[in-house]
Amino acid sequence: MARFRQIYLEITNVCNLRCAFCPGTTRPPQRMTPAQFAALLSQVKPLTFQIYLHVLGEPLLHPDFARLIELAGEAGVPVAVTTNGTLLGTPAADSLLCPGVRQVNISLHSLYGRTVGDEQRRRLAEILAFTRRAGERRPDLYLNYRLWNFASAEYSDETELNVWLSREIASGLNLPVPAVTAAVGCKTRRLCGRLYLDLDTRFEWPERIPGAPENECGTCHGMIDQLAILADGTVVPCCLDRNGVIALGNALTTPLTVILDSPRARAMADGLRAGKLVEPLCRQCTFRTRFKFKGAPVSGAGPVPPRNSEGDIP
């Protein structure tokens, strides 16, 4: 039985955007080779239901992206891809329509800007064109438009952008899309078929700050439903550890099962199941406040945080 709902494989940490909401990483630019990716696939396949090709970076920038999708398909590992949507008009995007790709998340909040300009219009036109192409070639593919720009659960202060997005999506895809300037709670809306609009609030990337307030109680997805492997093979407990602060080992040199059975990894997982934050980074992470500890685990399973934090639709 799979141990994790998903495992993140960061095939590259290089991005072609510098979004205000993304702090980037202190790690040097890097990308996995196809051989490294294949080696990691064989390790994660028995442990997870699917892989996400993302932590930081834009996956479609990887020069061997098509080959990596082929390798995942040959291994029988379902793939989800998170993209900023800037390369959906390039040949690399055709690989997203391969049968092994289960879900594509498109970050519409990468279109942030004080006003709507020509570049935003061009990029959204490519996103809509890809959506239409996916609907024709892969009607079974889940497409998830992410709009994580809400200041609170009820209100987004990016009014101009959201009104424009709603209008253009409705016009470009010929379907009704209500204006998303406000929502009663953040939620996922099915627009049509397997196309969804995922609304959520902004979040802060965790940062270890000496002297900052800490909280020893809480839980999250890390080491319970997910873990991540960075572009150099470093194993971290969650998709938000962008700098590899909680480096549990390197899966390119040490078997992943050995890493997960290490004292540090076990202590972290056991702590999160019990609602206790062991690692200093976790104690200062504000993202953990989105998850409520639901009591003692049943049959060895950890608490199940809300589904919507990663926008995994089905």
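**Entry 1: contacts and overall make-up**

I took contact to mean heavy atoms within 4.5 Å. I note that this is a predicted model, in which local features need pLDDT of at least 70 and side-chain atom pairs count only at pLDDT 80 or more, while totals for chains, interfaces and linings use all residues. Residues are numbered from 1 along each chain as its sequence is written, and side-chain values use heavy atoms, with hydrogens and water left out.

I then listed the elements and found seven helices and 10 strands. Helices (H or I, at least four residues) and strands (E, at least two) are DSSP runs, numbered from the N terminus.

**Entry 2: surface and burial**

Of the 314 residues, 53% count as buried. Buried means under 20% relative accessible area, exposed means over 50%, and partly exposed lies in between (1.4 Å probe, protein chains only).

**Entry 3: the core**

I looked up the largest nonpolar core and found 89 residues in it. A nonpolar core is a set of buried Ala, Val, Leu, Ile, Met, Phe, Trp, Tyr and Cys residues joined through side-chain atoms within 4.5 Å. Leu9, Phe37, Ile51, Leu53, Leu108, Tyr145 and Ile229 have the most contacts inside this core. Helix α2 (residues 65–75) gives the most to this core, with six residues.

Leaving out residues up to four places away in sequence, Tyr145 touches Ile106, Leu108, Ile127, Leu128, Thr131, Ile169, Leu173, Leu191, Leu195, Tyr196, Leu197 and Asp198.

**Entry 4: α3 against α4**

I looked up how helix α3 (residues 118–137) packs with helix α4 (residues 159–173): the angle is about 40° and the axes are 10 Å apart. Axes are lines fitted to C-alpha atoms, for helices over the stretch in contact, and angles run from 0 to 180 degrees between N-to-C directions. The two helices α3 and α4 are therefore oblique to each other. Under 35 degrees counts as roughly parallel, over 145 as roughly antiparallel, 65 to 115 as roughly perpendicular, and the rest as oblique.

On the α3 side I noted Gln120, Arg121, Leu124, Leu128, Thr131 and Arg132, which meet Leu161, Trp164, Leu165, Glu168, Ile169, Gly172 and Leu173 in α4.

Also in helix α4 is Asn162, which is buried at a relative accessible area of 0%. Beyond residues up to four places away in sequence, Asn162 touches Leu147, Asn149, Phe150, Ser156 and Val180.

**Entry 5: residues in loops**

I found Phe21 in the loop between β1 (6–9) and α1 (34–44). Phe21 counts as partly exposed, at 29% relative accessibility. Apart from neighbours within four places in sequence, Phe21 is in contact with His109, Ser110, Tyr112 and Trp205. Phe21 and Trp205 are 184 residues apart in sequence and 8.9 Å apart in space, C-alpha to C-alpha.

I also looked up positive phi values. Asn174 has a phi of about 55° although it is not a glycine. Asn174 sits in the loop between α4 and β6 (188–192) and is exposed, with a relative accessible area of 71%. Met223, not a glycine either, has a positive phi of about 65°. Met223 lies in the loop between β7 (195–201) and β8 (226–229) and is buried, with a relative accessible area of 1%.
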